[in-house]
Amino acid sequence: METITKKPKHTIKPIKVDGNKRVILSGSNVKPRYWRVNVGKKITGTRKQRKFFDTEREANEFIESLQGTVRRKGTSAFVIEDRLAQEALALAKQLEPYNARLTDAVNFFIKHAPKYNNIRVNAVIPAYLQTKTDETYRKAQTISLNVFAHDFGNKVISTIFPNALHRWFYEKGWEPLNQRNYMRDISMFFKWCVRHDYCITNPMDKVERPRVILKTPPIYSVEEAKKILETAKQNPELELLEFVGFAFFTGIRVEELERMDWNMVVWTQSEICLPESITKTSHPRMIPISEALRAWIEPIAKSSGPLFDQTNLRNRKDRLFELAGLGSKRNAFRHTFASYHAKKYENFSALQMILGQRTPSVLFTHYVTATRKEDAARFFDLRP
């Protein structure tokens with residue numbers, strides 16, 4: 001039997017209204033600004049709706065379309081608000097190239113969305129920093145994250161995107177190497193956030209790193225090293241000969257020297273034993289005692305206690321360089337040792353182990369400056 005579709009019982013007509021959307025009475029000379037269409041509750045099944053159109057033709061086209069929709073779907077056509085329906089249509093169109101439906105998109109989001117979606121940066125920085133067991137490294141990370149939190153601390157972690165980070169980094173105007181260091185620290189923070197479900201991906205993965213033109217690591221010439229050692233020996237009130245001797249002839253990092261104790265220096269075995277508790281990498285290191293170190297330091301060595309007095313260390317070092325008539329160079333003690341050791345012994349794997357570097361590329365990029373073999377020999381021949 002053929003099904004007969006009933007026509008809508010309710011006739012809908014466009015109504016003329018003025019610029020204030022008030023009905024224009026019959027016989028009035030006022031020209032209509034809009035045409036209003038009223039869709040009553042008996043049609044929508046929910047609440048009355050009003051639509052305004054610029055022309056009578058648009059209003060009639062809407063009525064025709066509405067009547068067709070009502071015949072097909074009844075009041076269910078009005079369950080979804082127009083705003084939501086329009087949004088759904090627009091999103092569905094965006095998904096067409098991927099052959100996906102809105103349901104697919106929603107399911108994907110639910111599966112991959114961060115579990116803790118409203119957590120702000122400031123709320124988790126303390127917990128992240130507690131995962132850094134090395135105090136010096138934790139301090140460095142704290143500095144980077146404090147700068148980051150100044151502008152992003154109150155933002156929800158999952159709402160921070162690469163474009164905002166890219167703009168922030170370049171507005172800071174940092175030197176390329178500084179910028180890369182901040183990027184490294186903040187990227188590590190986001191990586192931790194991904195692991196703990198505060199965000200889905202690490203936004204730093206899409207932030208371009210600046211190109212860094214590395215400068216040759218600064219070192220002290222043999223004459224400068226000799227002058228610094230002799231000045232430290234001639235001014236015992238500075239109590240810096242131990243610091244200078246170990247810094248020059250072992251390549252140990254300054255922050256590691258500051259944590260060293262005399263019982264780590266085993267003169268009888270010609271070896272320095274650095275435990276993992278004081279090294280930057282948290283791995284123990286064994287460093288041979290050279291004849292140069294023995295000559296300068298063994299006569300004043302102690303059996304226990306800190307390697308040297310750290311009180312006002314910076315001021316005392318400034319005074320040392322002033323008396324020596326030289327300027328200090330950043331990290332140059334370690335660079336000097338590495339450069340002369342590489343040239344004298346040409347045993348790069350041994351040097352890598354002494355310095356505690358994981359890869360040869362880091363060793364040669366950041367620590368070794370080209371020197372002459374005769375200068376390397378003269379450096380390790382320095383004696384009081």
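The model is predicted, so local features are taken at pLDDT of at least 70 and side-chain atom pairs count only at pLDDT 80 or more, while totals for chains, interfaces and linings use all residues. Residues are numbered from 1 along each chain as its sequence is written, and side-chain values use heavy atoms, with hydrogens and water left out.

I start with the chain as a whole. It holds 17 helices and six strands. Helices (H or I, at least four residues) and strands (E, at least two) are DSSP runs, numbered from the N terminus. Of the 384 residues, 37% count as buried. Buried means under 20% relative accessible area, exposed over 50%, and partly exposed in between, with a 1.4 Å probe and protein chains only. As for contacts (heavy atoms within 4.5 Å), among those between residues at least 6 apart in sequence, 61% join residues at least 24 apart.

Now the sheet. It is open, with three strands in the order E1-E2-E3 and antiparallel pairing. Strand E1 (15-17) and strand E3 (49-53) are the edges; each has a single partner strand, so one side of each has no neighbour in the sheet. From one strand to the next the twist averages 35 degrees. Two strands pair if DSSP finds at least two bridges between them. E1 and strand E2 (residues 34-39) have three bridges, in the antiparallel sense. Within that pairing, Val-17 is opposite Tyr-34, and Lys-16 has Trp-35 as its bridge partner.

How many residues of E2 are buried? Six of its six, and the strand is mostly covered. Tyr-34, Arg-36 and Asn-38 point one way, Trp-35, Val-37 and Val-39 point the other way, and all are buried.

Helix H10 (residues 241-250) has ten of its ten residues buried, so the rest of the structure largely encloses it. Among these residues are Phe-243, Phe-246, Phe-248 and Phe-249, along with Glu-242 and Thr-250. Just after H10, Gly-251 takes a positive phi of about 70 degrees.

On to helix packing. Two packed helices are described by the angle between their axes and the distance between the axes. For helix H5 (residues 121-129) and helix H6 (residues 135-152), the axes come within 11 Å and cross at roughly 175 degrees. That makes H5 roughly antiparallel to H6. The axes are lines fitted to C-alpha atoms, for helices over the stretch in contact, and angles run from 0 to 180 degrees between N-to-C directions. Angles under 35 degrees count as roughly parallel, over 145 as roughly antiparallel, 65 to 115 as roughly perpendicular, and the rest as oblique.

From H5 the contact includes Val-121, Ile-125 and Leu-129, and from H6 it includes Leu-145, Phe-148 and Phe-152. By class, the contact of H5 with H6 has eight nonpolar, three polar and one charged residues. Here Ala, Val, Leu, Ile, Met, Phe, Trp, Tyr, Cys and Pro count as nonpolar, Asp, Glu, Lys and Arg as charged, and the others, Gly among them, as polar.

Last, the salt bridges. The rule is a side-chain nitrogen of Lys or Arg within 4 Å of a carboxyl oxygen of Asp or Glu, and the count comes to 16. One of them joins Asp-151 to Lys-172, with the closest N and O atoms 3.4 Å apart. Asp-151 is in helix H6 and Lys-172 in helix H7 (residues 162-172), 21 residues apart, so the pair links distant parts of the chain. Asp-151 is partly exposed at 34% relative accessibility, and Lys-172 is partly exposed at 34%.

Another salt bridge joins Arg-378 and Asp-375, at 3.0 Å from N to O. Both residues lie in helix H17 (residues 373-380), three residues apart, about one turn of the helix. Is Asp-375 buried or partly exposed? At 14% relative accessibility Asp-375 counts as buried, whereas Arg-378, at 36%, counts as partly exposed. Through shared partners, salt bridges join Glu-223, Arg-372, Glu-374, Asp-375 and Arg-378 into one network.

That is the end of the tour.
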